[in-house]
Amino acid sequence: MLKSFVTAVFAALLPGIAAAQMAAPGPTLSAVRQRDILVCGTSTGAAGFSMPDSRGEYRGIDNDLCRAVAAATLGDAAKIRWVPLTTNARLPALQSGQIDILIRTATWTHVRDTANGLNFTVVNFYDGQGFMLRRSLGVTRAADLAGASICVVAGSTNELNLADWARTNNIRYNPVVFEQNDEARRSYLAGRCDAYSTDASQLAGLRASFPNPDEHLILPDIISKEPHAPVVRHGDDQWFDIVRWTIFALITAEELGITQANVDTFLESQNPEIRRLLGLSGDHGPMMGLDRRWAYNIIKAVGNYGEVFERNLGQGSPIGLRRGLNALYTQGGLMYAPPIR
């Protein structure tokens, strides 16, 4: 019923506009449409980013961004097949074509972006690596972890950052390395290591899930830059554009005050920027091989970037993170979208 109403609204608003010549679908978009499913690589478990709920539905900021891409390309955010991947398996799965897109707390680095046949599209979350330990240890600074055993996940930037930090600061430590986050979490709780080192946001999620969160302290020290971004394969510029502008559409919607709940009220807006975003003017969807309503479909499915953040990681969620660097540029953060024009 609602879908029919929205279709009628768009038809009424666009009667005099000639249909743009839609760009031909490239290899990835063609494959996604042929199977009518987006295959999305996700985490084996990272609270706030990607975690199955009690019904087996994946919940988290990474999952919502996959839903946004499905909404943009297929018009339906539910048309997704999730492929849970370990840290070591995630990039090879994308390289081999096992998945269409990887949105899995993947840190954008020079080697990953240039030597692996992959493209990082745009930062969707700014993070940094930290440390968590039991308050009973009496440690308040990372520099006091000399001689400590530290849990870390193999094949991650966290493992390399930890080694660099220790070498730079002349600190000896004992790495306790695991294949998956969940293994590291269980081992930390079991006391096999003194501290756990990973992205600070993930530490907050882990701490919130513990039986007695107040027994654990996240140190203020941040030892790295961890810009997370969705990843696609080299060689398909159209797909790169679609994924990148999906994130930009979410940010633009927040800038303009357009939400999942109120997006329909903007369909009669005369603001040129809003009209271009929602497909009421211009050919921005067809330029990428998408429907004019590509961004409308995204917002209707998951909301704007701020809504996605708050729902999964924000202060009203179990994780309880402040926006910080992930706030809009107008609010002291780094989230900034180029204009849709």
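Among contacts in the protein chain (heavy atoms within 4.5 Å) between residues at least 6 apart in sequence, 72% join residues at least 24 apart. This is a predicted model, in which local features need pLDDT of at least 70 and side-chain atom pairs count only at pLDDT 80 or more, while totals for chains, interfaces and linings use all residues. Residues are numbered from 1 along each chain as its sequence is written, and side-chain values use heavy atoms, with hydrogens and water left out.

**Overall build**
- The protein chain holds 13 helices and 14 strands (DSSP runs numbered from the N terminus: helices are H or I of at least four residues, strands E of at least two).
- Its radius of gyration, taken over C-alpha atoms, is 21 Å, close to the 20 Å from the globule rule for 341 residues, so the chain is as compact as a globular protein of that length. The rule is 2.2 Å times the number of residues to the power 0.38.
- The C-alpha trace spans about 70 × 40 × 40 Å along its principal axes.

**Burial**
- Of the 341 residues, 53% count as buried (under 20% relative accessible area, 1.4 Å probe, protein chains only).

**Strand S11**
- Strand S11 covers residues 195-199, and five of its five residues are buried.
- S11 pairs with strand S8 (residues 129-134) in the antiparallel sense over five bridges; strands pair if DSSP finds at least two bridges between them.
- Ser197 in S11 is the bridge partner of Phe131.
- With strand S9 (residues 149-153), S11 pairs in the parallel sense over two bridges.
- Tyr196 in S11 stands opposite Cys151.

Definitions and conventions
Buried < 20%, exposed > 50% of the residue type's maximum accessible area, 1.4 Å probe, protein only.
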